[in-house]
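Please look at the sequence and the structure first.

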Amino acid sequence: MAASSRAQVLRLYRALLRESQRFSGYNYRMYAIRRIRDAFKENKNIKDSEKIEELVKKAKANLEVIHRQIARTTSTVFRSQFCLENLLHPLHVVTVVFCFIECVCK
């Protein structure tokens, strides 16, 4: 494997591991990390440049999938936390209760 190709594969490996660390769920995170490590260990002795290019393309596609999945789960978690915080904020609850009491007492 050429030095630039080796460097490219190592950058890709580190990027996959780094992005996998961003999964919020422990099981998802550990599964992704285990799969990445196993795949790279399994394919570390491949010398055929065409096969290496094919595997690099596949790894880049998987990196994009991880990006999308993390972005989707992060935005969903943020939105749900934001909405729950607004609904369950103590001042909001007190305000709603006072408005309800005022309406009932009139």
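## Core, pocket and selected residues

The largest nonpolar core is made of 15 residues, and those with the most contacts inside it are Leu12, Leu16, Phe23, Ile36, Val56, Leu63 and Ile66. A nonpolar core here is a set of buried Ala, Val, Leu, Ile, Met, Phe, Trp, Tyr and Cys residues joined through side-chain atoms within 4.5 Å. Two or more residues of this core come from each of helix 1, helix 2 and helix 3 (49-88). Helix 3 gives the most, with six residues.

The model is predicted: local features need pLDDT of at least 70, side-chain atom pairs count only at pLDDT 80 or more, and totals for chains, interfaces and linings use all residues. Residues are numbered from 1 along each chain as its sequence is written, and side-chain values use heavy atoms, with hydrogens and water left out.

The chain has four helices and zero strands, in the order α-α-α-α from the N terminus. Helices (H or I, at least four residues) and strands (E, at least two) are DSSP runs, numbered from the N terminus. Of the 106 residues, 18% count as buried. Buried means under 20% relative accessible area, exposed over 50% and partly exposed in between, with a 1.4 Å probe and protein chains only. Among contacts (heavy atoms within 4.5 Å) between residues at least 6 apart in sequence, 60% join residues at least 24 apart.

| Residue | Relative accessible area | Class |
|---|---|---|
| Ile36 | 9% | buried |
| Phe23 | 12% | buried |
| Glu53 | 38% | partly exposed |
| Gln21 | 48% | partly exposed |
| Tyr28 | 61% | exposed |

Ile36 sits in helix 2. Leaving aside neighbours within four places in sequence, Ile36 is in contact with Tyr13, Leu16, Leu17, Ser20 and Ile66. Leu16, on the same terms of sequence separation, touches Ile36, Phe40, Ala59, Asn62, Leu63 and Ile66.

The largest pocket holds about 980 Å³ of space. It is lined by 29 residues, of which Leu16, Ile36, Ala39, Phe40 and Ala59 are the closest to its centre. Helix 1, helix 2 and helix 3 each give two or more residues to the lining. On a 1 Å grid over the protein atoms alone, a pocket is an open set of points where a 1.4 Å probe fits, with protein on both sides within 12 Å along at least five of seven lines, and lining residues have an atom within 4 Å of a point. By class, the lining has 20 nonpolar, three polar and six charged residues.

Gln21 lies in the loop between helix 1 (3-20) and helix 2 (26-42). Beyond four places in sequence, Gln21 touches Arg29 and Ile33. From Gln21 to Ile33 the C-alpha distance is 7.8 Å, at 12 residues along the chain. Glu53 belongs to helix 3, and its C-alpha lies 9.7 Å from that of Val9, 44 residues away in sequence.

Two aromatic pairs are counted. The ring centres of Phe23 and Tyr28 are 6.5 Å apart with planes at 40°, so this pair is tilted. Rings of Phe, Tyr and Trp (its six-membered ring) pair if their centres lie within 6.5 Å; planes under 30 degrees apart count as stacked, over 60 as edge-to-face and the rest as tilted.

Definitions and conventions:
Points joined across faces, edges and corners; volume = space filled by probe spheres on them. Nonpolar A, V, L, I, M, F, W, Y, C, P; charged D, E, K, R; others polar.
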